[in-house]
Amino acid sequence: MLWDYIKGELNMKSKLAFTALLKFLAGLIICAAAIFLPSGSLNFFGGWLFMGVLFIPMLIMGIVLLAKAPSLLEKRLNSKEEQPEQKKVVALGAAMFLLGFIISGVCFRFEILVLPKWLSIAAAVVFLAGYAMYAEVMRENAYLSRTVEVQNGQKVIDTGLYGIVRHPMYTATILMFLSIPFILGSAIAVTAFITYPFLTVLRIDNEEIVLEHDLKGYTEYKSKVKYRLIPFIW
């Protein structure tokens, strides 16, 4: 019986690892193509810097989750939204990234308002700080799905970062995504990525409706933690 259980666990983790690896490689290839094809060169410092700060921590986080919290990794791999409003936000977000990457590559190719390397490096530090915050949110909240949903047995988390703002994951991603055009060294690409906070507001508005309706105790949590993204602002 014990051997059958161990075997089942190993098979489950093997399948999960394979799925995670496929998604990781697909994301890496798509991202690289969106950045380096428009740039017309592999000698794109900002492109390589961004790929490094995005995918190296992502790989490390995936390995840690596979070993320590495979159920959370499985939730993070599920990106299929059920809410129509969220599907629109996800589609707009994908368009934002694609446009931002293309603009950055074109600006590098034709040397249009290219930012200095020191600014790219400073922005990479900010991105990693946001990544660290993102990892802390995942540590605090085992129900952190990529989609807007309420899971069986889910409880309100009101400690740690969740005791400061109601959606710390989005605070972290705003910090990360707004630093991307600076990492890529493109002043013009800021015009694409600046749309992300507005998309986040749309996502949160719909998400809070779902949580209030389906998650017990969320209304009381809202009265306790008043700010959604940024303390004393919103």
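The following exercises, each with a worked solution, concern a predicted model.

Residues are numbered from 1 along each chain as its sequence is written. Because the model is predicted, local features need pLDDT of at least 70 and side-chain atom pairs count only at pLDDT 80 or more, while totals for chains, interfaces and linings use all residues; side-chain values use heavy atoms, with hydrogens and water left out.

**Exercise 1. Confidence**

Task: State the mean pLDDT of the chain and identify the helices with the lowest and the highest mean values.

Solution. Step 1: pLDDT is the predictor's confidence in each residue, from 0 to 100. The chain has a mean of 88, and 91% of its residues reach 70 or more.
Step 1: Helices are DSSP runs (H or I, at least four residues), numbered from the N terminus.
Step 2: Where pLDDT is low, the predicted coordinates should not be read in detail.

**Exercise 2. The nonpolar core**

Task: Name the residues that touch the most other members of the largest nonpolar core, and list what I183 touches.

Solution. Step 1: A nonpolar core is a set of buried Ala, Val, Leu, Ile, Met, Phe, Trp, Tyr and Cys residues joined through side-chain atoms within 4.5 Å. Buried means under 20% relative accessible area, exposed over 50%, and partly exposed in between (1.4 Å probe, protein chains only).
Step 1: The largest core holds 54 residues, of which C31, I35, F50, F101, F127, I180 and I183 touch the most other members.
Step 2: Leaving aside residues up to four places away in sequence, I183 touches G46, L49, F50, V53, S120, A123, A124 and F127.

**Exercise 3. L113 and the surface**

Task: Locate L113, describe its backbone and find its surface patch.

Solution. Step 1: L113 sits in the loop between α4 (84–110) and α5 (117–140).
Step 1: Its phi is positive, about 45°, although L113 is not a glycine.
Step 2: L113 counts as exposed because its relative accessibility is 56%.
Step 3: L113 belongs to a nonpolar surface patch with L98, I102, V106, F110, I112 and I188, which together have about 580 Å² of accessible area. Patches are made of residues with over 30% relative accessible area and no salt bridge; like charges are joined within 9 Å, nonpolar side chains (Val, Leu, Ile, Met, Phe, Trp, Tyr) within 5 Å. The areas come from the Shrake-Rupley method with a 1.4 Å probe; for residues, only the protein chains shown count as cover.

**Exercise 4. Salt bridges**

Task: Determine which parts of the chain are tied together by D158 with K224 and by K222 with E208.

Solution. Step 1: A salt bridge is a side-chain nitrogen of Lys or Arg within 4 Å of a carboxyl oxygen of Asp or Glu. The whole structure has 6.
Step 1: In the bridge between D158 and K224, the closest N and O atoms are 3.1 Å apart. D158 lies in the loop between α5 and α6 (168–183) and K224 in helix α9, so the pair ties together parts 66 residues apart in sequence.
Step 2: K222 and E208 meet at 3.8 Å, N to O. K222 lies in α9 and E208 in α8, so this pair ties together parts 14 residues apart in sequence.
Step 3: K222 is partly exposed at 24% relative accessible area, whereas E208 is buried at 5%. R166, E208, E212 and K222 are linked in a network of salt bridges.

Notes. Contact means heavy atoms within 4.5 Å. Helices (H or I, at least four residues) and strands (E, at least two) are DSSP runs, numbered from the N terminus.
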